[in-house]
Each structure stands twice: as structure tokens, then as C-alpha cells.
Amino acid sequence: MTALSDAAIRVRSALESRGLETPMKGNNLTLDDKQARITGLMTEMMDVLGLDLEDDSLAETPQRIAKMYVREIFSGLDYSYFPKITMIDNKMKVDEMVQVRDISLTSTCEHHFVTIDGSATVAYIPRSKVIGLSKINRIVQFFARRPQVQERLTQQVLVALQTLLESDDVAVSISATHYCVKARGVMDATSSTTTTSLGGIFKSRAETRHEFLSGVVR
Ligand SMILES: Nc1nc2c(ncn2[C@@H]2O[C@H](COP(=O)(O)OP(=O)(O)OP(=O)(O)O)[C@@H](O)[C@H]2O)c(=O)[nH]1
Ligand SMILES: [Zn+2]
């Protein structure tokens, strides 16, 4: 078992204490154990669907799906995948908003296990520390790689950044298309969903909120 980073431990405990952690019961299975179990279960599911697992195109699908779930699209359930975080002291005394727009995001709807396809905009006001820019994208991707509801994903990114930056002054907005809405069920091909979580000065000060939201709605 890989030892978790200090950043991962602090973020997980901040989410747990706010009731924002993804509902997880946990178990003692290693990533390899999980992959093996899911391979067996996918084999059974495809068998129930009546698919021919001896067909050369289908034969490896259970293994492929198991690897994709455990190591790729649900890897964010395991804090050993939490990104390495680089923080630097705010020696340059930046006190204006830093905003990262159009962060690519694909996640998976936890109700249907189909794709959520969207983008995130994240902003913060530097206080004592400045975070490496790419780390913002990586934190978004880490939490996106879980079965999700968009509202919780937005809050998890907010709290993770607040914890790491040791400041409440963070804002997150996510706009996404849910394929459970687009490709099945109600079959709406054009609607999208925007969720926003504002902390600190982004919530309390109208000008800061407007500055952030005007960067989101373009
Ligand atoms: N709030 C929220 N709802 C979501 C999200 N992703 C999917 N859903 C919704 O979860 C709901 C699940 O509703 P159910 O009635 O149990 O499922 P269903 O019978 O497949 O519903 P339909 O999608 O309407 O066919 C649906 O309304 C989805 O649109 C999300 O990120 N946030
Ligand atoms: Zn869904």
C-alpha cells in the first residue's frame, strides 16, 4: 500500500468533516484484487447479456473495463492517486484573483455510470501561498475520476483547494453535459448543467463574485 501524501490526508479529512466525502465503505482489496474481481463480474454481466466472450473483439472487454474502472475513470476513489501538490510562498505579494478557465473535465455519473463531459473554472485570491497552476487541473481531474454528482464534485474541488491554500477565498464553477440526460432517458441533446461553489470573499463580496462569474459566463 502506497503511503498517502500529507496533502491527500488533509484534503480527505477536510471533506469527511464537512460531510462532502464520496460515500465509500472501503475494503481491504488491493488495486490488483479489485481489477480481478471486476473482470469476473464483467464477464458474468456480458454472459447474462448473451454476448459471445469467445469472439476476438469481445474476449478482452472484461479485463479492459476492470482496468479502466480501477486505474483510470474511478482512480480518484483511491487517495494514493492524489496529485503531488507544489505550493510556493506568496513572496511576490499577489493579492488579485488568479483564475484558471476551461479546465477539461470528464467524469462519470454515479446514477448511471455514463460520462459527464464538461469544463471547470477555478479562481482564488492568493494569501500566504500560491499553488502550482497545473495542480489545479490535476485536483479537478482527481475528483472527476470518481462516480459523481456534479454538485458534490464542485464542492470537493472547492474544499480541497481551500484546505491546501489555507484560505476560504476560492471559487469553482463546472459546466457539463450529462450523457445520462443526452444519450438515454429524456434524450435531451442540448441542455447543460452549471454548478458553482463560492467560498470566503467570493461569497461575501459582490464585486469579487461578479468578477469571477463574468469570467465563467462568456
Ligand atoms: N442533481 C444531479 N442529478 C443528477 C446528476 N447526474 C444525474 N442526475 C440525475 O439523477 C436522476 C436519477 O433519477 P431516477 O429517476 O432514479 O433515474 P432514471 O429512472 O434513470 O431517470 P431518468 O434519467 O429521468 O430516465 C436523474 O434525474 C438524473 O438526471 C448530477 O450530477 N446531479
Ligand atoms: Zn446519470
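**A walk through a predicted structure**

Hi everyone, let me start with one pair of residues: Ser119 stands opposite Ser175, which sits in β6. Before going on, a word on conventions. This is a predicted model, in which local features need pLDDT of at least 70 and side-chain atom pairs count only at pLDDT 80 or more, while totals for chains, interfaces and linings use all residues. Residues are numbered from 1 along each chain as its sequence is written, chains are lettered from A and ligands numbered from 1 in the order in which they are written, and side-chain values use heavy atoms, with hydrogens and water left out.

Two strands pair if DSSP finds at least two bridges between them.

Back to β6, then. With β3, it pairs in the antiparallel sense, over nine bridges. Strand β7 (residues 193-198) also runs antiparallel to β6, and six bridges join the two. One example there is Val172, whose bridge partner in β7 is Ser197. As a general point, side chains in a regular strand alternate between the two faces of the sheet.

Is β6 enclosed or open? Seven of its nine residues are buried, so β6 is largely enclosed by the rest of the structure. Buried here means under 20% relative accessible area, exposed means over 50%, and partly exposed lies in between, using a 1.4 Å probe and protein chains only.

Now to helix α4, residues 133-144. Its twelve residues, at 1.5 Å a residue, should span 16 Å, and the end C-alpha atoms are 18 Å apart, which agrees. That expected span is 1.5 Å times one less than the number of residues. The buried residues of α4 are Lys135, Ile136, Ile139, Val140, Phe142, Phe143 and Ala144.

Next, salt bridges. Side chains of opposite charge can pair when their charged atoms come close. The rule used is a side-chain nitrogen of Lys or Arg within 4 Å of a carboxyl oxygen of Asp or Glu. How many does a search of the whole structure find? It finds six, and I'll show you three of them.

In the pair Arg10 and Asp6, the closest N and O atoms are 3.2 Å apart. These two are four residues apart in helix α1 (residues 6-17), so about one helical turn separates them. Arg10 is partly exposed, at 30% relative accessible area, and Asp6 is exposed, at 51%.

Asp32 and Arg71 make another salt bridge, with their closest N and O atoms 2.5 Å apart. This one links distant parts of the chain, from Asp32 in helix α2 (residues 31-48) to Arg71 in helix α3 (residues 61-73), 39 residues apart.

Asp169 and Arg127 also meet through their side chains, at 2.5 Å from N to O. Here Asp169 lies in the loop between α5 and β6, and Arg127 in the loop between β3 (115-124) and β4 (129-131), 42 residues apart. Asp169 is buried, with a relative accessible area of 11%, whereas Arg127 is partly exposed at 38%.

Last, two backbone details. Most residues other than glycine have a negative phi. Lys93, not a glycine, has a positive phi of about 55°. You'll find Lys93 in the loop between β1 (87-89) and β2 (98-109), and at 66% relative accessibility it counts as exposed. Glu166 also has a positive phi, near 55°, and its place is the loop between α5 (150-165) and β6 (170-178).
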